[in-house]
Amino acid sequence: MGQPRKTSLRLVLIIPFVLEIVVAVGLTGWLTLRNGQKAVDDLAMQLEAEVADRIQQHLNDYLSTAEQINQNNAEAVRLGLLDINNPTQLGRTFWQQIQVYPSVSYIVFGSEQSGGFIDAGRQSDGTMVIEMTEGYVAGDFLIYATDQQANQTTLLSRTPDYDPRGRPWYTCAVEQGQPCWSKPYALFPDLLLAITFSTPVYSQGDRQLQGVLATDLTLAGIDEFLQTLQIGQSGEAFIIERSGMLIGTSTDQLPFLQKSADQEPERLSVTDIQMPLIQSTAAELLKTFGDFSQIHQSQNLRINFEGQPQFVHVAPFQDEAGLDWLIVITVPASDFMAQSRANTHKTILLCLGALGVTIVLSVLTSRWIAKPIARLTEASRAFTNGDLDQPIDPSRIEEFDTLATSFDQMRQQLKQSFTDLAETNAQLETRVAERTNELSQALVDLQRTQAQLVQTEKMSSLGQVVAGLAHEINNPVNFIHGNLSHVSEYSRQVLDLVDLYRQQYPEPTPEIQAELEAMDFQFLKQDFPNLLSSMETGTQRIAEIVKSLRSFSRLDEAAFKAVNLHEGIDSTLMILQNRLKRMPNCPDIQIIKDYGPIPAVECYPGQLNQVFMNLITNALDALDERDRLRSPAAIQADPSYVRISTTFAPSGWVTVRIRDNGVGMNAATRSRLFDPFFTTKPIGKGTGLGLSISYQIVVDKHGGTIECCTAEEAGAEFIVTIPTVPPTIPSEGLGTR
């Protein structure tokens, strides 16, 4: 555990004063900023609420004009003052009303019986016109210019096939049976976006529908009002339907898109308008409420737009005739923060000034106190470096002078102690040197003995387990395999008997017939022999694996005898078969056998099998490490492989070469390959004993040689050479049972 971090005495004296000032001034500044922010929030909400009230008041006034016109005209029809069957009277009356109400675009009547249409209105260029269908029936749509006495003068245009009964303003009133506002739509033929207040007209007696009175208001009038509002310095306001479609904005962009003069305008959604502030505000409302229809009362929110806070106020606007809109006002917080920021700067400057004064006073005080302590520290450091002859100057401060006297006494005691310690240390060094030599030799012997014990125990346990498993598996497998022929014969006899029954009794009882269909007897009869054949193949495969395990363990043979090395290599590969499998999109590791004709070799079979196991396992580990760094395509192009080749020399030596195309090794690793306990594998994946024990088995036990040829990124090749008949038969030792 490391020593605790040291702190200067001057800092200890300065920091408390500085912290007191920082905390006091910081708390004051924080309270000031918080109160300022609260005042800004209150001011912003008041401004937005006031703007929302003004917008609501304007909408009420603007929309009530259409309601009042329809109410007056409907009352005139009821009293007989206005004849709905006299288009000339209707046109003049509507024309005169348009003069009184400049905010109204058109005043309309559509007849239910004939489909006739008559209106008077103001076109987009200000021209006063009277529009009607020819003959006051559904058909050609005529537009006439007018003079100052509301007389029709010049025919401006003719449009065929017009029927007011199919227009949105008409169908809205008919479907609801009461005054209502239509959805915003395109005025025909001016191609302006408008809303219409429609009132159905019924006969006095039988309440039959006579037609629909309507008054058009363009949405441009709402835009013009919103653009006159001063919302802070850079705030915006907009009105939307619950569906998100725009009604109007305080910007100069219209709430609809008109691609050409002969196409109806396409309304814009609040998320489609090319105004980032309005888009961002709408997105935050959707994120907060999930849907515009969930906003049932006025709400105040704070959002971020381009990293800057924004105040948002949203308020519903509804009336009894079906309007259901949302009024949204958004104002940047920066419009209100100018004075607050100025006060913040002043507060910060005052804090910095107070902090500077505090630091100066703290430095002067600490210097007066710390100077004698520094002299004492310097003398103490000299003691630490071995200079025990340096005296300590007295101090005028009583406490420091007492401390200096104590240090001087300690200096004299330490000087005597160091002299005694030097004599004792010389004696200990001599003893330690002698003991170290003894321990070094003992450690070498212990490492060698430990390696032998570990490998002996491992091989003994592995051989017994493998042999035991092979024996235990072999008995039941032989039993199953031996009885499969009888099962096959018995099943054939049973199936033949069933066929005989079916021939003798071709009409089975309903119960037997149902059971035959339930078990699908024909499929069972065909599949059962195949099933027995598969079981026989499986038992043969298990018998082969058991044979490989017995060959690998060699517990059923003499300890030292002549064997075919190819059988030992094949049994090792059988055990390591699962290591060769790879992912479905990668090829398996290839085993290339290049066996030459070799005679039987007198050896310890189990020990040599362990050598082959270690070398092949290391090769597979190197291939795994290489393939982890490659893509499936690279592995497909350059597959991993292990090549095993055997040769025999006339001089009586057998050579086994095991080569891979893995990552290889550098020179430093190759020089320590056969050292005990040396490994390049992670902790828990290697003991460092495999190659060391393999070296002892090949060289010490069989009088052979083992060497490695490798380079980085070029694979590795282990070459094992052993005599077919060793000069002398060695006694059992390392790795034997």
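Predicted model: local features only at pLDDT ≥ 70, side-chain atom pairs only at ≥ 80, totals over all residues.
View 1. The protein has 737 residues, and 39% of them are buried. Take contacts between residues at least 6 apart in sequence: 59% of these join residues at least 24 apart. The accessible surface of the protein is about 41,500 Å². Carbon and sulfur atoms account for 54% of that surface.

**View 2. A nonpolar patch on the surface.** Four residues make up this patch: Leu-497, Leu-500, Tyr-501 and Tyr-505. Together they have about 460 Å² of accessible area. Tyr-501 belongs to helix α7, which covers residues 398–504.

**View 3. Tyr-136, a residue with positive phi.** Most residues other than glycine have a negative phi. The phi of Tyr-136 is positive, near 55°. Where does Tyr-136 lie? Look in the loop between β3 (128–133) and β4 (139–146). Is Tyr-136 buried or exposed? The cut-off for buried is under 20% relative accessible area. Tyr-136 has 8% relative accessibility, so it counts as buried.

**View 4. Ala-150, with a positive phi in a loop.** Ala-150 is not a glycine, yet its phi is positive, at about 65°. The residue sits in the loop between β4 and β5, and β5 spans 152–162. Why does Ala-150 count as buried? Its relative accessible area is 5%, so Ala-150 falls in the buried class, which takes values under 20%.

Terms used: Residues numbered from 1 in each chain as written. Heavy atoms only, no water. Patch = residues over 30% accessible without salt bridge, like charges linked within 9 Å, V, L, I, M, F, W, Y side chains within 5 Å. Areas by Shrake-Rupley, 256 points an atom, 1.4 Å probe, with all protein chains shown as cover. Salt bridge = Lys/Arg side-chain N within 4 Å of Asp/Glu carboxyl O. Helix = DSSP H or I, 4+ residues; strand = E, 2+ residues; numbered from the N terminus. Buried < 20%, exposed > 50% of the residue type's maximum accessible area, 1.4 Å probe, protein only. Contact = heavy atoms within 4.5 Å.
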